[in-house]
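Hello,

Here is the structure I promised to pass on. Please open it first, then read my notes below.

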Amino acid sequence: NLSVNDLKKLPVPCPPLETQHRIVSQIEKEQELVNANKQLIAIFEQKIKDRIARVWGGSVSDVETPLMASLQSEPDAPTTENLPMAAEPAAEYSKK
C-alpha cells in the first residue's frame, strides 16, 4: 500500500518537449490515415449497396446515392457503370 505522500515522491519521467512534439505529430499523421480509411470504407460500402440494388432488379439510376452524386459532379470521374468489380461475372445473365 502506498500513501499519497509516497506517490508524490515517485519521479515521473517526462520526455523532452521535442520528443513530445514528434509523438503528437506521428499520432496526427496516423489519425489522418484512419480518417482516410473510414472514407474509403464508406465509398466501398456505397458501391456494394449500388451493386446489390442493380443485381436484385433495382436500376442504379433509380437510386440516387451520395457517391453517385459526387461522381456525376466531377467531369472526369468514372461512373459506377465502368468501375470493375472483382466478383462481377464476365457476361450478363439472361432473365428467364
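**An exposed tryptophan**

Trp56 is exposed, because its relative accessible area is 72%. (Exposed means over 50%, buried under 20%, and partly exposed in between, with a 1.4 Å probe and protein chains only.)

This is a predicted model: local features need pLDDT of at least 70, side-chain atom pairs count only at pLDDT 80 or more, and totals for chains, interfaces and linings use all residues. Residues are numbered from 1 along each chain as its sequence is written, and side-chain values use heavy atoms, without hydrogens and water.

**Overall**

The protein has 3 helices and 0 strands. (Both are DSSP runs, numbered from the N terminus: helices are H or I with at least four residues, strands E with at least two.) Of its 96 residues, 12% count as buried.

Mean pLDDT is 77, and 59% of residues reach 70 or more. Where pLDDT is low, the predicted coordinates should not be read in detail.

**Helix α2 and what follows**

α2 has 39 residues, which should span 57 Å at 1.5 Å a residue; its end C-alpha atoms are 57 Å apart, so the two agree. (The expected span is 1.5 Å times one less than the number of residues.) The buried residues of α2 are Gln46, Lys47, Asp50 and Arg51.

Trp56 lies in the loop between α2 (17-55) and α3 (66-73). Gly57 follows α2 and has a positive phi, near 100°.

Best wishes

Methods: pLDDT = per-residue confidence, 0-100.
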